[in-house]
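Please look over the model below before reading these notes.

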Amino acid sequence: MTDTPPPADLAATVLALLDLERLDTNLYRGPRKPGATGRVFGGQVVAQALMAAQRTTDPTTRVHSMHAYFLRAGDETLPIIFHVERDFDGKSFANRRVTALQNGLALLTLAASFQRPEPGLTHTTAMPVVPPPENLLPLDVLADDYADHFPAAAIAFLRRPSAFEIRPCATPAFLQRAPAPAASHVWIRLRGAGPQDPAVGRGILAYLSDYALLSASLIPHGINMFDHSMQVASLDHAMWFHDDPPLADWLLYSSHSPWSGHGRGIARGMIHSRDGRLIAHVTQEGLIRMRPDLGPRTTVPHLP
C-alpha cells in the first residue's frame with residue numbers, strides 16, 4: 001500500500017504543474033503530473049493554458065474572463081505544449097489565445113481577456129446560506145459513512161488523496177440517487193500554504209473550478225456516474241474573475257444547472273470567499289450521455 005503524501009506535498013504538486021517552462025517566445029511546456037497514469041484532469045489543462053497566457057501579458061493587468069473548449073482527452077504521462085497568440089494589447093485591455101497541444105494535436109483552445117484595475121460601479125450576488133465548513137465532514141471521512149451504500153469506485157474516489165480539502169454541504173452532487181433541485185454547495189480549501197503570486201492564485205482557482213461542476217446537471221434526474229453507465233465529459237468551460245482568491249481559507253463553490261438535453265448539460269457556478277465576497281463565476285457545458293453499452297464505472301475519476 002502506498003503511503004498518502006503529506007497535505008503540503010499534495011498542494012506543492014499542483015503548484016508545480018502551474019510552473020511552466022518557457023521554450024521560446026509565446027511557447028511553453030506544462031510538466032506532467034508525478035505518478036501519472038491516465039487522462040489529464042480538465043482543470044489542469046485550463047489552468048496551465050491560463051498561466052501561459054498570463055506569462056505574455058503586462059503584470060499590471062489581471063485576467064477577468066476566459067473561455068475554453070475541450071477538444072481531446074490529454075495523456076497524463078506526457079507534458080503539454082502551449083502556444084500563445086497575442087491578439088491585442090490596448091491601454092486598458094489585452095487579449096490572448098492559447099492552444100494546448102500533445103503529439104501535435106490540439107487538446108484545448110482558450111481565449112482570455114485581461115484588464116488593468118480601475119474603479120467602477122459595484123454590486124454583487126449574496127452568498128448562499130449554508131452550514132460553515134467546521135460543521136461538515138470531508139470527503140475521505142464521508143467515504144466511511146457511504147462505504148456500505150455506494151460502489152467501490154465511488155468510495156475510492158472519495159478516499160483519493162487531493163491537493164484540496166473538500167467538504168460538501170449535503171450529499172455530493174455526483175452521488176445523488178433521488179431527483180432533487182439542481183443545486184450543489186461545497187467548501188474547498190487548498191491544503192498547505194497558498195501561493196504568494198496572485199497570478200498563480202488565479203491559476204489555482206481555474207484548476208479547482210472544474211471540480212464536479214457538471215454533476216449538478218445530473219441531480220434533477222436522480223442519477224450519478226457511479227450507479228449508471230454514462231459518458232460524462234466537459235465540452236467547454238468559461239470563467240469570470242472578480243477578485244483574488246484567498247486560498248489560505250475556505251471558498252464556497254455553489255453550482256446549479258438550468259438545463260439539460262440532447263445528451264448535454266449546462267452547469268453554472270459561483271465561488272465566494274468565506275467573508276461573502278464573490279470571487280468568480282463559472283459556466284460549463286458537457287456530455288451527459290446515457291451509455292448502457294459501457295457498463296458501470298469501475299475506474300476512479302480525477303479529484304483536483
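The numbered points below go through these topics in turn.

1. Basis. This is a predicted model, in which local features need pLDDT of at least 70 and side-chain atom pairs count only at pLDDT 80 or more, while totals for chains, interfaces and linings use all residues. Residues are numbered from 1 along each chain as its sequence is written, and side-chain values use heavy atoms, with hydrogens and water left out.

2. Helices α2 and α5. Helix α2 (residues 42-55) packs on helix α5 (residues 198-208) at an angle of about 155°, and their axes are 7 Å apart. Helices here are DSSP runs (H or I, at least four residues) and strands likewise (E, at least two), numbered from the N terminus. Axes are lines fitted to C-alpha atoms, for helices over the stretch in contact, and angles run from 0 to 180 degrees between N-to-C directions. The pair α2 and α5 is therefore roughly antiparallel (over 145 degrees; 65 to 115 counts as roughly perpendicular).

3. Residues of that contact. On the α2 side, those in contact include Val-46, Ala-47, Leu-50 and Met-51, and on the α5 side they include Val-200, Arg-202, Ala-206 and Tyr-207 (contact means heavy atoms within 4.5 Å). By class, the contact of α2 with α5 has 8 nonpolar, 4 polar and 1 charged residues. Ala, Val, Leu, Ile, Met, Phe, Trp, Tyr, Cys and Pro count as nonpolar, Asp, Glu, Lys and Arg as charged, and the others, Gly among them, as polar.

4. Helices α1 and α5. Helix α1 (residues 7-17) packs with α5 at about 105°, with axes 10 Å apart; the two are therefore roughly perpendicular. Val-14, Leu-15 and Leu-17 of α1 meet Val-200, Ile-204 and Tyr-207 of α5. This contact has 6 nonpolar, no polar and no charged residues.

5. Val-130. Val-130 sits in the loop between β6 (105-115) and α3 (139-146). Leaving out residues up to four places away in sequence, Val-130 touches Cys-169, His-185, Trp-187 and Leu-252. The C-alpha atoms of Val-130 and Pro-168 are 10 Å apart, although 38 residues separate the two along the chain.

6. Lining of the largest cavity. Which residues line the largest cavity? Among them are Pro-172, Phe-174, Val-186, Tyr-211, Leu-213 and Tyr-253. A cavity is a set of points, on a 1 Å grid over the protein atoms alone, where a 1.4 Å probe fits but cannot get out, and lining residues have an atom within 4 Å of a point. Strands β8 (183-190) and β10 (251-261) each supply at least two residues of this lining. By class, the lining has 8 nonpolar, 2 polar and no charged residues.

Terms used
Parallel < 35°, antiparallel > 145°, perpendicular 65-115°, else oblique. 1 Å grid on protein atoms, 1.4 Å probe; cavity = no way out; pocket = protein on both sides within 12 Å on 5 of 7 lines; lining within 4 Å.
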